[in-house]
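This report concerns one protein chain. Please look at its sequence and its structure before reading on.

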Amino acid sequence: MTVTALAPGPVTTEFWNVAGWQAGGQAFEKAVPRAAWVTAEETAKAGVKGLADGRRVVVPGLQIRTAMLAARYVPHAIKLPAIERVLRRR
């Protein structure tokens with residue numbers, strides 16, 4: 001049996017608008033660079049392929065994948081407060 005976690009980051013759907021999420025005091029869609037977004041189709045294709053290939057984790061999109069890899073080298077004591085500050089509702 002294979003379990004695959006799909007971690008796409010921001011996906012271009014109406015979720016962000018409906019949820020009213022903000023980042024850095026502005027709408028989430030405007031705060032996150034367009035290059036970091038992936039479509040729902042790209043996300044689904046990557047997830048299905050990752051599952052078929054037996055991968056444990058699938059992160060579609062080069063920008064988010066690169067950020068996730070780089071984040072491994074930043075201590076939690078720095079990373080977590082920074083993420084909280086950006087994503088905290090105002």
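The model is a predicted one. Helix 3 is formed by residues 40–52, 13 residues in number. From its first C-alpha to its last, helix 3 reaches 18 Å, close to the 18 Å expected at 1.5 Å a residue.

Which residues of helix 3 are buried? They are Thr 43, Gly 47 and Gly 50.

Gly 47 illustrates the covered side. Its relative accessibility is 16%, so Gly 47 counts as buried, the limit for this class being under 20%. Leaving aside residues up to four places away in sequence, Gly 47 touches Leu 6 and Val 58. Gly 47 and Met 68 are 21 residues apart in sequence, and their C-alpha atoms are 17 Å apart in space.

Just after helix 3, Gly 54 takes a positive phi of about 75°.

**Salt bridges**

The count of salt bridges comes to 2.

| Pair | Distance, N to O |
|---|---|
| Glu 41 and Lys 45 | 3.0 Å |
| Lys 49 and Asp 53 | 2.7 Å |

Glu 41 and Lys 45 both belong to helix 3 and are 4 residues apart, about one turn of the helix. An α-helix has 3.6 residues a turn, so residues three or four places apart point the same way. Both Glu 41 and Lys 45 are exposed.

Asp 53, at 47% relative accessibility, counts as partly exposed. The cut-off explains these two classes, because exposed means over 50%.

Phe 15, Trp 21, Leu 80, Ile 83, Val 86 and Leu 87 make a nonpolar surface patch of about 540 Å². Helix 5 (residues 76–87) gives the most to this patch, with 4 residues. Ile 83, one of the residues of the patch, lies in helix 5. Its relative accessibility is 42%, and Ile 83 therefore counts as partly exposed.

Conventions. Residues numbered from 1 in each chain as written. Predicted model: local features only at pLDDT ≥ 70, side-chain atom pairs only at ≥ 80, totals over all residues. Heavy atoms only, no water. Patch = residues over 30% accessible without salt bridge, like charges linked within 9 Å, V, L, I, M, F, W, Y side chains within 5 Å. Areas by Shrake-Rupley, 256 points an atom, 1.4 Å probe, with all protein chains shown as cover. Salt bridge = Lys/Arg side-chain N within 4 Å of Asp/Glu carboxyl O. Helix = DSSP H or I, 4+ residues; strand = E, 2+ residues; numbered from the N terminus. Buried < 20%, exposed > 50% of the residue type's maximum accessible area, 1.4 Å probe, protein only. Expected span 1.5 Å × (residues − 1). Contact = heavy atoms within 4.5 Å.
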